[in-house]
Amino acid sequence: MRKLKRMVQIILLPLFLTGCMNIDQHILDDVQLITGAAYEYVDDDTIELTTVFPNHQPDGSVKNETLTTTAILNKENRDKQSLQSEKPMVSGKLEVALYERNTAEKGILELLDTLSRDPSIGANVYMAILDGNPKEVLNKQYGNIDNGIFLSNLIEQNVESGLIHKTNLHIFKYKLYAEGIDPMLPIIEQKEGKLNINAIGLFEEDKLVDQIEQEKFFFMTILLERKGQKDTYALKTKEEKKASIVNIKSVRKYDIPKPMTNSEIKININLKAIIREYNDGTLNKQKIKKVENALKEEIETKSEEMIQQFQEKGIDPLGIGEEVRTRTRQWDQKKWKELYPDIKITVQAKVKIMESGVIE
Amino acid sequence: MKKWRNRRSLFKDKESEIGSPKNTEKDDSLGDLLKQLTLSNDFTQFTYHVNETSLCIGYYTPLIDTEILHRDILPYLKKWESFSSLSSVLPIEEVILTADAATIQENLLKGYIFIFDVNNLKQVCLVKAGVERTRQVSLPEVEFSVVGPKESFVEALDTNINLVRKRLPMPELTIKEMIIGKLSKTRVSVLYIEGIANKENVNTVIQRLSDLDFDQIMDSSYITQLIQDNQNSPFPQLIDTERPDRIASELGEGKVAILVDGAPHGLIGPTTIFEFFYAFEDYYLNWAVASFFRLVRFFAVLFSILVTPLYVAVLTYHYELIPKDLVSTLVTSRSAIPLPPILEAIILELAIELLREAGARLPTKVGQTIGIVGGIVIGTASVEAGLTSNVLLIIVALAALASFTTPVYQMGNTIRLIRFPFLLMAHYLGLIGVAVSFCFLLIHLLRLSSLGRPFLEPFYPVRVQDLKDSLIRLPFSMQSKRPIQEQTEDTMRFNPKKAKEKHDSKRI
């Protein structure tokens, strides 16, 4: 009898608990999935937020749609947009966050708050700087998908093929808060109706201060990653003659004999590459040797040039400071900032062409 | 139970009322018996005159072989001299002389014929002339295998024991028989190999069987439900199999088997959950192939339990988890559907259950048609009508398919059942609900035991040695030890060193 009573209690309990089960549901097709967001400061405090979301057509195709509102807070913007939308706007599927160039130059720290604080947004959201008016750029349809996914695919594809550095919200925030390294973000522009990663923006703290152009992406990636592969470079051998080189394996090593002093810092690069295209007659051993030497020269001069540019601006996207920090107990960020512009940093490269194809 | 007893006592009262007190006590009971017997129309009784004596012969017509009566009994009765010489006259080994009414009744029901002298009711002769009408040993249908023997148990206990014993021709194979069921009087045999099987296991089975108080045992599945450790668990804790080779092999591992008269399935215990995912064909295939299939089966089960709940949980709560390339497919397939994911899933799951149930109850040929009509027509129509999404249709169909990969039918049913609590929890709590249900499932399995032996062995408790034949099956040369699970008296199956030797070089 007691057992029976107990059973009845156990059965009844869940019935009384149904009120506690009132968990917020987000049924996939009843929410508006924001896939991309672009931020622009219209004045000192007001943000213009343009969100991109897909409109799935019954035939399977996707129409790109955008909403633009202005407000001081981002979530305020989202609420304003929900008022214009047939379904509640949710940000859990956010794939890419874009910052207008002038906004990025002003600093994006305050705009990052909404991405970091919202638990439904992952740390693998891609970030980029947009050259142009977000409203206009995002309103156009670029592929068979909505622009959020399109941009995310664009960046992802280029990161995976090694053409640009690894980037996402997590990496950006790490570099932002870490001592001795500054963040970078790809800059996307719209050119003749196509989106295009045309440069990499360099940040000092959270402000965009400089950029490096497409031609230097190769040096950037081999300097940035301890081990790299797959990125390509078109080396000029003569006037109008070039050799396309693919990085098979690059190893970067820092040689810092006396950290936290003015002494020289050496960056050694050991590159193994193949020639994929060559348009200067037949390719023989001497020519390969020449290409090797030319590439070595190129890497050393261009890299050093680039590093000099960084030093002049006082930014450190390569994380040289971080390398120093790992080698010393006397790390002091202020002191390092004073030292950094005057340190002699040299790049030494070793290049080996492993393969040049089987063309006679 | 009380009611039943009352009824029996009522019977007794009637009997005593009817009985007439004119003859001796024995005559009285025999007369009563005869009266009771003739109430049933299938009881035949006639007098047969031999040498001035009249013999009364009686039997239950459906239970005896009339050919035996005509060929082996009636002609020999001519040589009748005295009652006691009957046993030497009749060419039948089992002739019983008795006067006890209870014995007579019992044996008549087993297919005996009674013969007695009308003038002398003190002795009744019982002659065995029973016939067993069973079907031929046929192909296994539930546990069919492409390779290996294709005999399966039938409904006759003796045939079944014969099928096992011919695979284990050894005196140590011991069979303990008992009668269970007040009404059905079912013969139940416990099989084990003396010297290998653990005494404790054997005694547990025998004790549980002999303590049973039940009226009818119609099949071995009654026994499973009555003697398994946890009777409320949806998980069967004894394997039922229709393959005599499986029973013989598991007896050799030190397990105990139960065969029930009238049941074409034998029971094996103690067992573990993993054994429910072994097809016996695994032992007929190369070990690598067999291991692969076992893993496939095991993942199929996990898939079958988890995939629909995951679909419901993710679509209801965790849209963040959907890969960006899949969002478009899912949203498009769901956009026309007015129902929330849980209803959609339950409708489809129930539809599949209906199809299965309809297919199982109908004759084979109609069943196939129903399967096709239901599967294709209803499936396509429900997608087109916008009741379910085609993604879910695929998922549910795959899950149903996966649940049929379990070689033991009972386990397949269990798996289909436990999907539903998972589904509901997925709807209430999302992925946490799935995790909570999985915890409950795991705890339940951890607490289960089969004849007192752990059900999740060799994973809990961890017995590395028994892993050789669990999720994967290692080659025979590595299976030299009997499973620890069975706690056998003789742990070695064979000498592992000798098993690996091939004396080819010596032959030349």
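A: The model is predicted, so local features need pLDDT of at least 70 and side-chain atom pairs count only at pLDDT 80 or more, while totals for chains, interfaces and linings use all residues. Residues are numbered from 1 along each chain as its sequence is written, and chains are lettered from A and ligands numbered from 1 in the order in which they are written.

The part to examine is an open sheet of five strands in chain B, ordered β6-β7-β9-β10-β8. Strands here are DSSP runs of E with at least two residues, helices are runs of H or I with at least four, and both are numbered from the N terminus. The pairing in this sheet is antiparallel, and two strands pair if DSSP finds at least two bridges between them. At the edges stand β6 (173-180) and β8 (239-241) of chain B; each has a single partner strand, so one side of each lacks a neighbour in the sheet. From one strand to the next, the twist averages 25°. Angles run from 0 to 180 degrees between N-to-C directions, with axes fitted to C-alpha atoms, for helices over the stretch in contact.

Within this sheet, one pairing may be followed in detail. Strand β7 (residues 186-193) of chain B runs antiparallel to strand β9 (residues 256-260) of chain B, and four bridges join them. One residue pair can be named: B:Val188 has B:Val260 of β9(B) as its bridge partner.

The sheet also has a helix across it. Helix α7 (residues 199-210) of chain B lies across β6, β7, β9 and β10 (266-269) of chain B. The direction of α7(B) is at about 175° to β7(B).

Elsewhere in chain B, two helices meet. The axes of helix α10 (residues 287-316) of chain B and helix α16 (residues 431-447) of chain B come within 8 Å, crossing at roughly 150°. From α10(B), the contact is made by B:Leu306, B:Pro309, B:Leu310 and B:Ala313, and from α16(B) by B:Leu431, B:Gly433 and B:Val434. Residues are in contact if their C-beta atoms, placed from the backbone, lie within 7 Å.

Both elements belong to a chain with 18 helices and 12 strands. The C-alpha atoms of chain B fill a box of roughly 100 × 70 × 40 Å along the principal axes. Among contacts in chain B between residues at least 6 apart in sequence, 62% join residues at least 24 apart.

Chain B also touches chain A. The contact takes 21 residues from chain A and 18 residues from chain B. On the side of chain A, β3 (47-56) and α6 (147-160) are the elements that give two or more residues.

Chain A itself has 11 helices and 15 strands. Its C-alpha atoms fill a box of roughly 90 × 55 × 55 Å, taken along the principal axes. Buried residues account for 36% of the 360 residues of chain A. A:Gly60 is exposed, with 12 other C-beta atoms within 10 Å. Between A:Gly60 and A:Tyr254 there are 52 Å in space, C-alpha to C-alpha, and 194 residues in sequence.

Terms used. Contact = placed C-beta atoms within 7 Å. Buried ≥ 20, exposed ≤ 12 C-beta atoms within 10 Å, placed from the backbone.
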